[in-house]
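I opened this notebook to keep track of what I looked up, going from single chains to the contact between them and then to the charged pairs.

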Amino acid sequence: MPDRLEGHTFRRFDGELDHLHTEILEMMALVFSQIQNAIESFQPQKQKTVYDIIEKEVRVNLLEKKIDSSIMEVLAKRGAVARDLRAIMGFSKMVTDLERLGDEAARITQISTKIYSKEYSSQDTGMLREIDIIGKHACAMLQEMIAVLKTLDSKRARKLLRRAGINEAFNASLRRLTTYVLEDTLKMKYVINIILILKSLERIDAHARNLAEYVIYIVSGDDIRHAEDNRQDADNKAR
Amino acid sequence: MSIVLEKQWNGDNARTKGKEPVSTPEQTNSIASCEDRRTVGIATVNNPRIRCVDVNVYYGNKHAIKNISLDVAHNEIIAMIGPSGCGKSTFLRCLNRMNDTIDNCTVTGKIELDGQNINDKSIDVVPLRARVGMVFQKPNPFPKSIYENVAFGPRIHGLAKDKTDLEEIVVTSLQRAGLWREIKDCLNQPGTSLSGGQQQRLCIARAIAINPEVILMDEPCSALDPIATAVIENLMNELCCDYSIVIVTHSMQQAARVSHRTAYFHLGDLIEVGKTEQMFTNPIHQLTSDYITGRIG
């Protein structure tokens, strides 16, 4: 457990915060493997992983409820303040993002199942490559996020947030996908499915960034969410 | 840690006196270390009701309060928290010279009430204590009737012109202390016959009957149940419209609930002062953080 969560005179409070942290890590690991499996499901030989993803989705949902209940219990019992309060608040926000990550994995899987159904006689490897490119980016982001979450390292979280976003790659993919439609309008439905998957992957990147922001909030108390909006608001008030 | 300027509560220019202060969360974003005992946060205010500069208190050779500078604003509730023996009650007692009653106690430094140094030899402590009232941990009504408990102060300070005037002061004080409706039919009963919470409110009524400027409260709710505590806290909230209130409490939740600013004391040092919401969500000093989160104390 990171030292900033321990050291209470009431040692059971240490244990309760540690337990929350461990449950969050467990949920993160589950969601990460769900997303990995979802991306892999576009390889024909890995289609069977679809059942794993659905089974994990159930576990993620149950974990969400369990962690929420643990958070309520700690809040009711401990009257947490300062970094303890921030940790509990941060964990609570993380649970929501993690659950949504799980939903995105499920969404990708649904589309993957559709793509491999009888509806489409053959797969377009060129288009599937777009998923691979963005998927790798999203997975790398999540993998780094697991390390950040484990150590609650705010410096590493800030570094992660400085990484280039997925937007550029997403837009490049959209351009390439447009050319497929221009060549053959019958591919429209297939392309839309691919775009929906890319959008889900883009959301996964955004959720991973949210998680990094919560780590920074827990450790330093800095609420860096919507920084651009805050600047805009300050500018408007200054005028 | 680099030394930066102390900020004033009302956003005024910085004032650095006594111990050199360090600050603040939004610029440094780092926590002052446990070894650093300089005051961090917002210790000064514009147009203070009380201004303390470099206050030291000694009990014989024991240095109980070390070079503390702190202002109390008009209509402010400021809570003082810290582990037992950190000097918060000693500091509170300096504010109306209650330490004068302790033989081997020496107080140095400047404590100004509305610009007047209260430690000046020419100051008479009786009117001073009328201006700075005090409520103690244990309710201590006089062994007299409820009416007499409240009427005693105005009578000896000559605040009432006649009997009708005195009655009006008593009724108003009891009303403001939130006790009137409960005891209006038994004003002649002894004050000691009331419940703990009622006795504490009677003591508050007694304190405000002499129209003070500041009310000092030394753990006023530590002997009360949660309902009586809530009544006193509501009362404090109403009274701060007219008075400045300085409260010493061991209850973090109480400090968080009632005060505008919180001051954290540690082994005679004033470690941190700040807006209560900031102190309890993102304290600057490591010692403050450790204390309020239950890691020391």
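**Entry 1: the cut-off for burial.** Before reading any accessibility I wrote down the rule, under which a residue is buried when its relative accessible area is under 20%, exposed when that area is over 50%, and partly exposed in between. I also noted that I am working with a predicted model.

**Entry 2: a salt bridge in chain B.** I applied the rule to B:Glu76, whose relative accessible area is 0%, so B:Glu76 is buried. Its partner in a salt bridge is B:Arg261, with the closest N and O atoms 2.4 Å apart. I then asked which parts of chain B the pair ties together. B:Glu76 sits in the loop between β3 (62–72) and β4 (77–81), whereas B:Arg261 belongs to strand β10 (residues 261–266), so the link joins parts that are 185 residues apart in sequence. B:Arg261 likewise counts as buried, because its relative accessibility is 0%.

**Entry 3: chain A as a whole.** I counted 8 helices and 0 strands in chain A, and along the principal axes its C-alpha atoms fill a box of roughly 65 × 50 × 25 Å. Of the 239 residues of chain A, 47% count as buried. When I took the contacts in chain A between residues at least 6 apart in sequence, 80% of them turned out to join residues at least 24 apart.

**Entry 4: chain B as a whole.** Chain B has 11 helices and 11 strands, and 56% of its 297 residues count as buried. For contacts in chain B between residues at least 6 apart in sequence, I noted that 67% join residues at least 24 apart.

**Entry 5: the contact between the chains.** I found that 18 residues from chain A and 14 residues from chain B take part in the contact. The area buried between chain A and chain B is about 1100 Å², with carbon and sulfur atoms giving 36% of that area. On the side of chain A, the three residues A:Val81, A:Ala82 and A:Arg83 supply 43% of the area that chain A buries against chain B, which is more than any other three residues supply.

I next looked up the polar side of this contact and counted 11 residue pairs in polar contact between chain A and chain B, both residues of each pair being at pLDDT 80 or more. Helix α3 (residues 82–115) of chain A gives the largest share of the side of chain A that touches chain B, namely 5 residues. By residue type, that side of chain A divides into 5 nonpolar, 6 polar and 7 charged residues. There are 2 salt bridges between chain A and chain B, and one of the salt bridges I looked up has the side chains of B:Arg295 and A:Asp84 meeting at 3.0 Å, N to O.

**Entry 6: salt bridges within the chains.** Over all chains the count comes to 29 salt bridges. In chain A, the side chains of A:Glu16 and A:Arg78 meet in a salt bridge at 2.8 Å, N to O. This pair links distant parts of the chain, with A:Glu16 in helix α1 (residues 11–40) and A:Arg78 in helix α2 (residues 49–78), 62 residues apart. A:Glu16 is buried, at a relative accessible area of 13%, while A:Arg78, at 23%, counts as partly exposed. I also noted that A:Glu16, A:Glu73, A:Lys77 and A:Arg78 are linked in a network of salt bridges.

Entry 7: B:Leu166 lies in helix α5 (residues 163–176) and is buried, with a relative accessible area of 8%. Not counting residues up to four places away in sequence, B:Leu166 touches B:Tyr147, B:Ala151, B:Pro154, B:Arg155 and B:Ala160.

B:Asn56 lies in strand β2 (residues 50–59) and is buried at 9%. A polar atom of the B:Asn56 side chain lies 3.4 Å from the backbone oxygen of B:Asp54.

Technical notes: Residues numbered from 1 in each chain as written. Chains lettered and ligands numbered in written order. Predicted model: local features only at pLDDT ≥ 70, side-chain atom pairs only at ≥ 80, totals over all residues. Heavy atoms only, no water. Contact = heavy atoms within 4.5 Å. Buried area = accessible area lost by both parts, 1.4 Å probe. Salt bridge = Lys/Arg side-chain N within 4 Å of Asp/Glu carboxyl O. Polar contact = N/O pair within 3.5 Å; in protein donor to acceptor, adjacent residues only side chain to side chain. Helix = DSSP H or I, 4+ residues; strand = E, 2+ residues; numbered from the N terminus. Nonpolar A, V, L, I, M, F, W, Y, C, P; charged D, E, K, R; others polar. Buried < 20%, exposed > 50% of the residue type's maximum accessible area, 1.4 Å probe, protein only.
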